[in-house]
Protein chains: 2
Amino acid sequence: MELLSFFESIYKITPDARESLSSLITEKEYSKNEVIQQIGSRCRTIYIVKKGIARIFYHKDGLDITEHFAFDNDLIVRAESLFTGEPTSKGIQAIENTTVYAIDSSSLFSLYDQHHDIERLFRLLFEREHVNSIKRLESLQFQSAKDRYLELLKNTDYIQKIPLKHIASYLGITQVSLSRIRSEIR
Amino acid sequence: MELLSFFESIYKITPDARESLSSLITEKEYSKNEVIQQIGSRCRTIYIVKKGIARIFYHKDGLDITEHFAFDNDLIVRAESLFTGEPTSKGIQAIENTTVYAIDSSSLFSLYDQHHDIERLFRLLFEREHVNSIKRLESLQFQSAKDRYLELLKNTDYIQKIPLKHIASYLGITQVSLSRIRSEIR
DNA sequence: GTAAAAAATTAACAAATGTTAAATTCGGAC
DNA sequence: GTCCGAATTTAACATTTGTTAATTTTTTAC
């Protein structure tokens, strides 16, 4: 499975562990705009995007806000719930027709006790997510909206497939502001 | 040691592991404004604040920006370097006279192989940091500066000991804006 | 205690972003 | 292809935040 090769590129686990892990992985398809996990639920599944685009979103003052985008091989979890067990006000939605690998989190966490190397693999995977959060913090803290948009364009080819309203809220600005920025750039 | 009780409240490790871990922990004192780790260095030490206040900071366009504050029992690491091995443009500074526990990261990581439970303990500790980063992302993405300031006031008693210039940059605004906000509140 | 330096506030104006509403463009259903 | 609804852009004005510089307050060094 492609996913296992991706995992191997992060940290190599024993064949035994590999087999246990592999039995937890299922594949799911979602169509464009389909909600994968509802707002208000607990995060009990770790998703990895196989193909397509997904986002984490929530509502604030009646507005739909995108907190995160995930593309090929990206993890998509609501960490504030996965790591605490608490429900989260965030949901997950497919932006396009999207195929994901899904891993039940409590089954995975049980494996940690038997397979030290699986725990390590996922520790390393989540550390990468942690670093991503910090980088994004930096950009939200002290870059202009225009700079954040330009950086987003640089880093991702998939961007043109994402509705601008989602990009705007991801950048922390209104859609009108984003339009203005786009017209300045052209 | 107080630190070991704190660790135990997160995850209980075996007496053997406890002893190994304990031998890595040293205590260091820094005086007000002293730089603990220079900008541009690699993060090779995990600090936990015993007493006092420390901050993570960096320079952007000649300005000094505070990315993070740490108080009692808070971890303070430059995760983007610790987890990648790369140098970071961020430094660590004591805001007050501060005592920290210090753990050499490569020694700690070596212990992970022998002591699964130490790896777990630190995984859990860093997961908490990860969740904190996400919460902060949320507030930077879609709260006004005033709301962010009010929330900061709510959450921390130590705030009044921190120079306002640091608080302003932490909130992502200028010191002048923060003064304005403060005068509106009174 | 006093002087100098640093920190914080205030003021005036500039720039960026938000808000509302209308106009235009685009995409999907038929 | 046409129509309808959604997405995007544009415009006009309001609000927030930034910039510069002067002033006041607080802290530090002696």
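1. Basis. In this predicted model, local features need pLDDT of at least 70 and side-chain atom pairs count only at pLDDT 80 or more, while totals for chains, interfaces and linings use all residues. Residues are numbered from 1 along each chain as its sequence is written, chains are lettered from A and ligands numbered from 1 in the order in which they are written, and side-chain values use heavy atoms, with hydrogens and water left out.

2. The same surface serves both copies, as 100% of the contact residues of chain B recur in chain A.

3. Extent of the interface. Chain B and chain A each give 35 residues to the contact (heavy atoms within 4.5 Å). About 3500 Å² is buried between chain B and chain A, and carbon and sulfur atoms give 61% of that area (accessible area, 1.4 Å probe, that two parts lose on being put together, summed over both). On the side of chain B, the residues that lose the most area to chain A are B:His130, B:Gln141 and B:Phe142, together 20% of what that side buries.

4. Eight salt bridges cross the interface of chain B and chain A (a side-chain nitrogen of Lys or Arg within 4 Å of a carboxyl oxygen of Asp or Glu). One of the salt bridges joins B:Arg120 and A:Asp113, at 2.9 Å from N to O.

5. Source of the contact residues. Which element gives the largest share of the side of chain B that touches chain A? The element is α5(B), with 18 residues (helices are DSSP runs of H or I, at least four residues, numbered from the N terminus).

6. DNA strand C. Around DNA strand C there are 16 residues, and the closest are A:Ser177, A:Arg180, B:Leu164, B:Lys165 and B:Ser179 (a heavy atom within 4 Å). Sugar and phosphate make up 57% of the atoms of DNA strand C that come within 4 Å of the protein. The largest share of this surface, six residues, comes from α8(B).

7. Individual DNA distances. An N or O atom in the side chain of A:Ser177 is 2.6 Å from a phosphate oxygen of DNA strand C. For A:Arg180, a polar side-chain atom lies 2.8 Å from a base nitrogen of DNA strand C.

Methods
Helix = DSSP H or I, 4+ residues; strand = E, 2+ residues; numbered from the N terminus. Polar contact = N/O pair within 3.5 Å; in protein donor to acceptor, adjacent residues only side chain to side chain.
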